[in-house]
Amino acid sequence: MADSETDDRAGWRPVARARTYELVIDRIEEQIVSGQLGVGDRLPPERDLAQMLGVSRAAVREAFRALEAQGVLRMAVGTGPESGTTIAALPSQALTRLLRFHVALANFPMADVVRARIMLERESARNAAQRATEADLDELRALLDEMDSPDCDRERFNDLDTRFHVAIAEAGGNRLVADMTIAIRESLRRPLLAAFDELGDEWSPIADGLRHDHRLIHQALLARDAAAAEEQVERHIRSFYRSAWLQDLG
């Protein structure tokens with residue numbers, strides 16, 4: 001029993017008391033990065049962990065809540081096998097939410113966000129040209145058909161446009177590239193809609209150009225032409241940035 005308790009306490013070192021809950025988060029991160037904790041593993045009870053780290057239960061509770069909000073931990077009350085605090089499989093939505101805040105707060109220049117988007121979407125397009133299934137290609141075609149509908153307003157067009165680019169990222173098969181692509185594209189949803197609205201009467205010809213670009217991207221994917229898919233995606237993104245924000249990326 002004593003040996004088991006010693007094993008449970010291994011790796012949990014007391015922390016300094018300044019900004020205590022953040023230091024508790026640091027200790028939990030150390031355990032995850034070192035491989036001591038993985039998805040599905042249960043953390044020690046709040047009281048026990050507070051004692052191991054030499055901090056208050058309130059500090060541990062605050063750290064748990066912060067990590068739960070980020071999607072790192074799953075907290076469940078009760079006494080069954082699903083109860084307690086466990087390490088969660090961090091959802092891609094957490095990355096999307098974080099980047100959306102950064103974009104909304106203008107922590108990154110828009111040009112930098114768009115350049116990053118180009119790099120990622122070129123990779124996604126190349127992967128999709130090589131790996132997309134017939135079902136993936138059919139889904140993309142259906143989204144394009146919806147965008148062609150006469151009653152597709154700007155907000156609906158923006159949603160479909162987002163889904164089109166996200167579907168290409170998903171079809172590429174690289175989970176990390178897809179999640180990063182999705183995070184950037186989703187973070188731009190509102191700025192893009194605002195740009196659509198600000199175009200005024202110029203919206204109609206620009207929307208036609210976007211539809212044309214999308215068809216060219218889809219054709220390159222159908223042809224399994226990775227180089228063409230990459231080039232069409234980059235040209236498409238640069239062209240709209242120039243039209244909407246009246247700037248060249250260089």
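**Figure 1. Accessibility of D26 in helix α2 of the predicted model.** D26 is partly exposed, because its relative accessible area is 34%, where buried means under 20% relative accessible area, exposed over 50%, and partly exposed in between, computed with a 1.4 Å probe on protein chains only. The residue D26 belongs to helix α2, helices being DSSP runs of H or I with at least four residues and strands being runs of E with at least two, both numbered from the N terminus. Along the sequence D26 and E121 are 95 residues apart, and their C-alpha atoms are 33 Å apart in space. This is a predicted model, in which local features need pLDDT of at least 70 and side-chain atom pairs count only at pLDDT 80 or more, while totals for chains, interfaces and linings use all residues. Residues are numbered from 1 along each chain as its sequence is written, and side-chain values use heavy atoms, with hydrogens and water left out.

**Figure 2. Domain 1 and domain 2.** The protein is divided into domain 1, residues 20–89, and domain 2, residues 92–245, with bounds that come from an automatic or database domain assignment. Taken over C-alpha atoms, the centres of domain 1 and domain 2 are separated by 37 Å.

Figure 3. G40 lies in the loop that runs between α2 (20–33) and α3 (46–53). When its neighbours within four places in sequence are left aside, G40 is in contact with T86 and I87, contact meaning heavy atoms within 4.5 Å. S83 is found in the loop between β1 (73–76) and β2 (84–87), and S83 counts as buried because its relative accessibility is 11%. Between S83 and R42, which are 41 residues apart along the chain, the C-alpha separation is 9.0 Å.

**Figure 4. Packing of helix α8 against helix α11.** Two packed helices are described by the angle between their axes and the distance between the axes. Helix α8 (residues 154–172) and helix α11 (residues 203–222) pack at an angle of about 20°, with their axes 12 Å apart; axes are lines fitted to C-alpha atoms, for helices over the stretch in contact, and angles run from 0 to 180 degrees between N-to-C directions. The two helices α8 and α11 are therefore roughly parallel to each other, given that angles under 35 degrees count as roughly parallel, over 145 as roughly antiparallel, 65 to 115 as roughly perpendicular and the rest as oblique. The crossing of α8 past α11 is left-handed, a term used if the near helix is turned anticlockwise from the far one by less than a right angle, with right-handed used if clockwise. On the α8 side the contact involves R154, F157, D161, F164, H165 and I168, which meet W203, A207, L210, R211, H214, I217 and L221 in α11. By class, the residues of this contact of α8 with α11 comprise 8 nonpolar, 2 polar and 3 charged, where Ala, Val, Leu, Ile, Met, Phe, Trp, Tyr, Cys and Pro count as nonpolar, Asp, Glu, Lys and Arg as charged, and the others, Gly among them, as polar.

**Figure 5. Packing of helix α8 against helix α10.** The axes of α8 and helix α10 (residues 189–198) come within 10 Å and cross at roughly 140°, and α8 and α10 are therefore oblique to each other. Here α8 passes α10 in a right-handed crossing. From α8 the contact draws on R154, E155, F157, N158, D159, D161 and T162, and from α10 on R189, L192, L193, F196 and D197. The contact of α8 with α10 has 4 nonpolar, 2 polar and 6 charged residues.

Figure 6. With their axes 8 Å apart, α11 and α12 pack at an angle of about 165°, which makes α11 roughly antiparallel to α12. The crossing of α11 and α12 is left-handed. Residues that make the contact include L210, D213, L216 and I217 of α11 and V233, R235, H236 and F240 of α12, and the contact residues divide into 10 nonpolar, 4 polar and 2 charged. R235, in helix α12, counts as partly exposed because its relative accessibility is 38%. Apart from neighbours within four places in sequence, R235 is in contact with D213 and L216. R224 is placed in the loop between α11 and α12 (226–245), and its phi is near 60°, a positive value in a residue other than glycine. Most residues other than glycine have a negative phi.
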